[in-house]
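Here are some friendly notes on the aromatic side chains, for you to read beside the coordinates.

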Amino acid sequence: MPKGKPREQGDTAVVTEKKPKTAKPRLYKVILHNDDFTTMEFVIRVLVEVFNKDELEATELMLQVHTRGACLAGVYTFEIAETKVATVEQMAKAAEFPFLCTMEPE
């Protein structure tokens, strides 16, 4: 029998459990790369259709690809980034462009 003060009739104890903390998912940058064959119009179309950019922002990002060699199209969880990269690759293949889209950890 445990030592200590005896409990009175009806005394109850409350057990609390700590909720496990969930870590935020790791994010990935989706990057569009420049090449000498893909048209500027195609890059804008990709940015509008796949990355939901408006025409003005898509044009600015396309110019970054053209002048700097690459641009950051967006930051997403792994699954979403992977899907967007695959979609861009499919669009480029269908249009017969060697357009490169990659993802890397943020």
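This is a predicted model: local features need pLDDT of at least 70, side-chain atom pairs count only at pLDDT 80 or more; totals for chains, interfaces and linings use all residues.

1. Residues are numbered from 1 along each chain as its sequence is written, and side-chain values use heavy atoms, with hydrogens and water left out.

2. Searching the whole structure gives four aromatic pairs. Rings of Phe, Tyr and Trp (its six-membered ring) pair if their centres lie within 6.5 Å; planes under 30 degrees apart are stacked, over 60 edge-to-face, and the rest tilted. One of the pairs is Phe42 with Phe97, tilted at 50° with 5.0 Å between centres. Phe42 is in helix 1 (residues 40-49) and Phe97 in the loop between helix 3 (78-94) and strand 3 (100-105), 55 residues apart. Helices (H or I, at least four residues) and strands (E, at least two) are DSSP runs, numbered from the N terminus.

3. Phe42 is buried at 4% relative accessible area, whereas Phe97 is partly exposed at 23%. Buried means under 20%, exposed over 50%, and partly exposed in between (1.4 Å probe, protein chains only). Ring pairs join Phe42, Phe97 and Phe99 in a cluster.

4. Phe51 and Tyr76 are both buried. Their ring centres are 6.4 Å apart with planes at 35°, so this pair is tilted. Phe51 belongs to the loop between helix 1 and helix 2 (55-68) and Tyr76 to strand 2 (residues 70-77), so the pair ties together parts 25 residues apart in sequence.

5. Tyr76 also has the charged end of Lys84 over its ring, 5.2 Å from the centre. The criterion is NZ of Lys or CZ of Arg within 6 Å of the ring centre and within 35 degrees of the ring normal.
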